[in-house]
Every structure is written in structure tokens, then in C-alpha cells.
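This report considers the side-chain interactions and the packing of one protein model. Please examine the sequence and the structure shown below before reading on.

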Amino acid sequence: MLPRYHYEIQFQKPGQQAVRLPFTEATWSGSRQEAKRTLAVKTNNGRDRFWPDAAIEEGDLMELISYVSGSPRTLFTGMVVDLGITSKGDLNPVAYDFGFFLLNNDVVVVTTGEPADQLLLRIFEQRGIPVGGIGKMPPVEKQTIRGKSVWDAVTDILNQVYRSSGIRYWCWIDQGKAFVGTQRGQTKQWTLQQGSNLLSAERKRSIAEMRTVVRVIGSDSEYVSVLHDEVDSAKAKRYGHLVKVIELQDEDRDNKISIAKQELENLSRVKEQASVTALGIDDVIAGTRIEIYEELTKLSGIFTVFGDSHTIRPGYHEMKLDLQMEVSGR
């Protein structure tokens, strides 16, 4: 039996009551690579007396409410950032959630090599961004961060942690607070299955971004010196010499071999991508885990959602999910 989909969108001006916004289609989406979740709505500006003028403006709050479980539940709250209108009377507001403020606040911070979690906490506190939780992480390199948004600074730091440890940490926003960890918490694990709620599946493998050699160099103003070459011999024989050059500061040169080994491990993998389309589930968004069974693509097991796009129409909800094919926590 198909779920009974019922959704409502409301918008609210400062100091006023929320108003219901009729819509023909809404796209609710997000990704682990994006700071914010987005709600893009297709509506009409004053079509008839049953579809009154929306009078929605930039800066208004917009909310997506689900009644699938019976009682109302807010899935998204954000601020209208973009507003488009056409000669046909189509009105297309786009709202971003609290992640908008990660993108539009720059930071200046100096670190002497403290643990990444402490550095991230300082960055969030500097811009008054509430923190829900940050997992423990190893130290990062000495650096001065300037002229970057909070999101770009956080992304760079988490990439440094991945290069040095092989563990992939992510940042996400939940109920107006910033979280950093390897996995979003959830209370239920959903299943998508061929012949039931799974509509389609795709899978792809690629070596387009592979590297089989990591060359570590040190440099100063006069010359460049090669400090170490780390080679995956088996893959270099199979795919050829594909070289990644990384430059180390003086204080990191003692760790050149371990850094090169970890970088090569990260880069020498065959990249796998997979996506599925299924009947919509409110709780399944980027960062959640989901169980999938599909015969032809051999997608079988538990995967983490890397990115999601939910298409909602009156009485209908469909979602497309991009899956993270790395080992969980890596």
C-alpha cells in the first residue's frame, strides 16, 4: 500500500503570522558537499481566487511541513534567498536553511597545530554559530586562515584530516546547529527494495581521478627538492604512472613517508558512484544510512546517502539519492 503523501508549504514575514503557499511542485535537496539544504518551490502569482497572490519576498521564512505520519512535522525551515517570476505568472522562490550563514560569513583564524575539533569550535564561536556536537579529531597543520567563508574553512580542515588519517568527517546543520562527525545520527534504518519502493538504480566505476604515484616535494625560494616517491606498483603496472605532487612545509618533512602513504591510499582507489530513485521517505536525507537491494546493479547492503533530491507534488513524493560508496567512517 502506497503512503498517503500530504505536504504543506508556509511562508512568514517578520512579525506576522505564517500563510499557506499553494504549490505545484517543490524540490527539497541537500548534499554532504553543500553547506545548506534548499527548498525550491514552483507556484503561481495570483492565478485565481483559489490561488491568491503570494506576496512572498526575499528574507521571508519558508517552511515545509509533512503530514505523512498524521500529525504535522517540519522538514525544512529557511529564508527565501532567490525569487524568480515569469511572464506566465510563475513564481519560483528558493529558500536556504541555516547553512546559508556558513556560506556568507568569513573568518580569520591562526592555528599552531591544535586538534581539528578545537579549531573548528573556535571558528564557529568566532561567528556566533551554535554547535550541536563535534567528534574528536587529530591535529592539523600550522596555518593562517583568512578570506574564506566558514564553510570553505571547515571543508579545508576536514580535507586535511582525511589526507592525514584516512577518516572522512563531515559538517551538517540540524535544527539550526552545526555538527561535525563521521555519521549523522538516526533512530530508524529504512529499506529500498526492487519490486517494492525502489523505482530505479544506477552504478558506475571510474579511474578518471586515480593516482598511482605520490611525489612529496619540499621547496624554498630557490629550488624544488624531491623528498619521497610512494608508488602503488600493482596499479601503476595496470593503469600507468599517474602522479600526484604534494608539497610539505619544513615542520612536516619528518612525516613525509606516512603522509605519502595515506595520500596514495586515498587516491589509488577505483571510484564508485551509485544512485537510486525511490518513493519518497521524509527521514532519508544526506548523511543518513539506508538499506538497498537491487539485483542488476548488485547494490546490496547498507549505504550512506551522499546527496538527496526530493520532488514533492500534491499527493506524490519521489526521491533521488546519490550514495557514498566509501567504507563507512572512511
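How many aromatic pairs does the count come to? In this predicted model, the count comes to 6 aromatic pairs.

## Aromatic pairs and charges over rings

Y5 and Y7 form one of these pairs, with 6.3 Å from centre to centre and 20° between the planes, and the pair is stacked. Both partners are shielded from solvent by the accessibility criterion: Y5 is buried at a relative accessible area of 11%, and Y7 is buried at 9%. The rings of F98 and F101 are tilted, because their planes meet at 40° while their centres lie 5.4 Å apart. F98 counts as partly exposed, with 25% relative accessibility, and F101 is likewise partly exposed, with 36%.

F98 and F101 also belong to a cluster in which ring pairs link Y96, F98, F100 and F101.

## Salt bridges

A search of the whole structure finds 15 salt bridges. One of them joins K13 to D60, with 2.8 Å between the closest N and O atoms. K13 lies in the loop between β1 and β2, and D60 in the loop between β4 and β5, so this pair ties together parts that are 47 residues apart in sequence. K13 is buried, with a relative accessible area of 16%, and D60 is buried, with a value of 3%. Salt bridges that share partners join K13, E57 and D60 into one network.

R203 and E272 also meet through their side chains in a salt bridge, at 3.0 Å from N to O. Since R203 belongs to strand β14 and E272 to strand β18, the pair ties together parts that are 69 residues apart in sequence. Both residues are partly exposed: R203 has a relative accessible area of 35%, and E272 has a relative accessibility of 23%. A further salt bridge connects R122 and E114, at 2.6 Å from N to O. Here R122 is partly exposed at 33% relative accessible area, whereas E114 is buried at 16%.

## Nonpolar cores

The largest nonpolar core has 25 residues, and L102, I123 and F124 are those with the most contacts inside it. At least two residues of this core come from each of β8, α2, α3, β11 and β12. Helix α3 provides the largest share, namely 7 residues.

Which residues are in contact with I123, leaving aside its neighbours within four places in sequence? They are V107, V109, I145, V150, A153 and I157. A second, separate core has 22 residues, among them Y7, F23, V41 and I312. Y7 is thus a member of this second core as well as a partner of Y5 in the stacked pair.

## Helix α3

Helix α3 covers residues 150-165 and has 16 residues. The helix reaches 22 Å from its first C-alpha to its last, close to the 22 Å expected at 1.5 Å a residue. Its buried residues are V150, W151, A153, V154, I157, L158, Q160, V161 and Y162. Of these, V150, A153 and I157 are in contact with I123. Just after the helix α3, G166 takes a positive phi of about 80°.

Definitions and conventions. Residues are numbered from 1 along each chain as its sequence is written. This is a predicted model: local features need pLDDT of at least 70, side-chain atom pairs count only at pLDDT 80 or more; totals for chains, interfaces and linings use all residues. Side-chain values use heavy atoms; hydrogens and water are left out. Helices (H or I, at least four residues) and strands (E, at least two) are DSSP runs, numbered from the N terminus. The expected span of a helix is 1.5 Å times one less than its number of residues. Buried means under 20% relative accessible area, exposed over 50%, partly exposed in between (1.4 Å probe, protein chains only). A nonpolar core is a set of buried Ala, Val, Leu, Ile, Met, Phe, Trp, Tyr and Cys residues joined through side-chain atoms within 4.5 Å. Contact means heavy atoms within 4.5 Å. A salt bridge is a side-chain nitrogen of Lys or Arg within 4 Å of a carboxyl oxygen of Asp or Glu. Rings of Phe, Tyr and Trp (its six-membered ring) pair if their centres lie within 6.5 Å; planes under 30 degrees apart count as stacked, over 60 as edge-to-face and the rest as tilted.
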